[in-house]
Amino acid sequence: MNKKLVPVIAVLSLIFIILVGVIAGKKIKQLMPGTEQQDLETYFGITSDDEAAIELNHELVEEKALLRDGAVYLDFQYVHDYLNDRFYWDANENVLLYTTSSNIVKASADSKDYYIGRKKDSKPYKIVLVDVDKTFLALDYVAQYTNLTYERFEEPNRILLQTEWGTVKKASVKRKTQLRVKDDVKSNILTELSKEDVVTKLEAGDDWSKVTTEDGLVGYVQNKRLGSEKEETLSNDFEEDTFLHQVRDYDINMGWHQVTVPEANNSIASVLQNSKGLNVISPTWFYLNDNDGNIANLASADYVRYCHGQDVEVWGLVSNLENKDVSTTEVLTHTSKRENLENQIIAAAIQYGLDGINVDFEALESAVGEGFIQFIRELSLKCDGNGIVLSVDNYVSSDYTKFYDRQEQAVFADYLVVMAYDEHYAGSKESGSVASIGFVTKGADDILAEGVPAEQVILGMPFYTRVWAEKLKDGNGDDVESASEDYVPYELSSEAVGMQSAQRLMEVNGAEKRWLDDIGQYYTEYVNGDVTYKIWFEDVKSIEEKLKVMNAHGFAGASFWKLGLEDPAVWNTIMKYINRK
């Protein structure tokens with residue numbers, strides 16, 4: 001060997017040994033568990049001493065609790081959306097309401113007092129705090145009406161909320177280990193776990209499990225550090241409120257009687273004489289008449305007495321549609337105005353000896369949804385206390401009417417009436433059936449899917465149809481408007497007519513009708529001058545198809561809009577289906 005190369009080889013060998021050492025050191029360091037502790041205030045997102053993190057069913061949520069004077073407060077909207085949506089906050093009058101099966105519970109902002117009906121009670125803390133643009137509810141007060149438990153921990157401040165019950169898997173720690181933020185030995189350490197500590201398994205993986213500790217730290221532990229699992233049942237002794245309903249033990253056969261002037265009440269004898277099997281009549285007697293919640297009243301005691309003499313119940317209808325100058329939103333979102341409306345309805349029901357109230361509030365804005373539901377809750381208690389049946393008219397289910405919250409309505413109201421008509425209406429852009437069988441069936445299916453019990457559903461059906469007129473537009477069709485793809489070459493209008501009137505129109509114009517299986521109705525069209533007329537008929541056969549839907553769904557009965565528009569022959573068919581019990 002060349003002696004000159006010896007130093008070079010030695011240096012290279014040394015360099016190689018150093019590189020191997022560095023690489024080995026890095027490898028060893030990579031394999032060594034991380035030792036960095038996670039800052040818990042950062043982990044929980046705590047930024048001030050008066051806030052606390054919230055874990056709901058072992059999941060850390062973005063919302064924070066407020067700590068004030070020794071009490072824990074949660075944002076009202078969070079309570080409403082995730083814990084108990086029966087709490088109602090009136091931001092106009094700064095009052096918190098909660099409706100039980102027997103009482104309306106009321107608490108004002110920044111007060112320790114609250115009222116259960118007229119009975120006053122107090123808490124050692126303020127029940128409601130209003131802080132700039134947020135409203136907070138005391139968690140202890142919320143827990144009084146909600147199936148939940150909670151624990152409070154410090155350093156850092158956190159609240160563990162539990163609202164889900166059932167079986168969980170627990171495991172004890174076999175030997176000392178770490179709870180880490182992620183399923184990685186290099187991940188930050190949340191806390192040290194000692195032998196025999198017990199954790200709840202949330203998710204199991206091949207090498208790691210996501211667990212939560214008894215004090216609410218959620219992280220990951222290596223499976224080899226955990227002992228055998230055992231199941232434990234979580235439960236709470238909270239007693240759920242029980243709601244009862246004034247549901248009749250016979251099928252409801254109801255007709256709406258349109259009364260627009262007091263003199264129309266005088267026709268009740270002929271109206272009943274022209275029907276068969278009717279056991280409930282709903283005259284359109286009351287409507288919201290000003291922004292203070294006062295109602296207009298067309299009721300007649302003689303009318304009620306006559307109906308009772310014929311074994312027919314009277315469910316007075318109250319509407320929000322007649323006075324266009326009234327804001328339903330204004331009334332329903334102010335507690336004092338809403339209560340005035342309820343009191344006037346109940347006073348009229350008692351005065352005239354009504355058996356029930358039928359609420360028909362339509363065309364509501366989504367912003368008034370909560371106020372409308374609170375109206376139904378409160379009115380139901382007043383009705384129940386006076387032996388008055390409460391029914392509520394509803395559109396068929398749709399995305400834009402979800403705020404009517406039919407499931408919650410059914411908790412409080414006795415009956416929900418599905419108005420399974422107006423599939424095509426006066427303002428529709430195209431002609432079509434008022435109530436095709438597909439539309440009716442879907443409406444029936446959907447209300448059950450929303451959680452409304454079948455025995456509380458009354459299926460609303462039309463005694464009317466629409467005569468559609470398609471009048472050709474002037475011009476030769478070569479203008480700019482007619483060149484567009486969505487151009488309609490006619491002007492569309494319609495008129496609502498009764499069953500017999502529609503039949504006469506067809507006969508007078510020499511037209512013939514044909515049955516449409518997919519629509520469940522007869523159809524005709526005819527031309528008169530430059531107008532094409534189209535009619536999807538409501539008649540005995542189409543009503544029978546709808547009654548079959550009612551029967552198949554096990555509904556409580558049917559209601560018909562409106563009395564006087566029917567073919568008298570339809571009543572014999574109705575009686576075949578309504579008198580099932």
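In this predicted model, the charged end of K541 sits over the ring of W515, at 4.1 Å from the ring centre. A second contact of this kind involves K513, whose charged end sits over the ring of Y522, 4.6 Å from its centre.

A search of the whole structure returns 25 aromatic pairs. One of interest joins F243 and F412: the ring centres are 4.9 Å apart and the planes meet at 70°, so the pair is edge-to-face. Because F243 belongs to the loop between β19 (226-234) and β20 (252-257), while F412 is part of helix α10 (residues 406-412), the pair ties together parts that lie 169 residues apart in sequence. F412 has 6% relative accessibility and therefore counts as buried, the cut-off being under 20%. Elsewhere, a single aromatic cluster is formed by F361, F372, F375, Y395, F403 and Y404.

Turning to open space, the largest pocket holds about 1,000 Å³. Its lining comprises 35 residues, of which L321, E362, M419, Y421 and D422 are the closest to the centre. Several strands contribute at least two lining residues each, namely β22 (286-288), β24 (313-319), β26 (389-395), β29 (464-472) and β30 (490-498).

Buried positions in α8 include T335, K337, R338 and E342, together with L341, I345, I346, A348, A349 and Y352. After the helix comes G353, with a positive phi near 70°.

Definitions and conventions. Residues are numbered from 1 along each chain as its sequence is written. This is a predicted model: local features need pLDDT of at least 70, side-chain atom pairs count only at pLDDT 80 or more; totals for chains, interfaces and linings use all residues. Side-chain values use heavy atoms; hydrogens and water are left out. Buried means under 20% relative accessible area, exposed over 50%, partly exposed in between (1.4 Å probe, protein chains only). Helices (H or I, at least four residues) and strands (E, at least two) are DSSP runs, numbered from the N terminus. On a 1 Å grid over the protein atoms alone, a cavity is a set of points where a 1.4 Å probe fits but cannot get out, and a pocket is an open set with protein on both sides within 12 Å along at least five of seven lines; lining residues have an atom within 4 Å of a point. Grid points are joined across faces, edges and corners, and a volume is the space filled by probe spheres set on the points. Rings of Phe, Tyr and Trp (its six-membered ring) pair if their centres lie within 6.5 Å; planes under 30 degrees apart count as stacked, over 60 as edge-to-face and the rest as tilted. A charge sits over a ring if NZ of Lys or CZ of Arg is within 6 Å of the ring centre and within 35 degrees of the ring normal.
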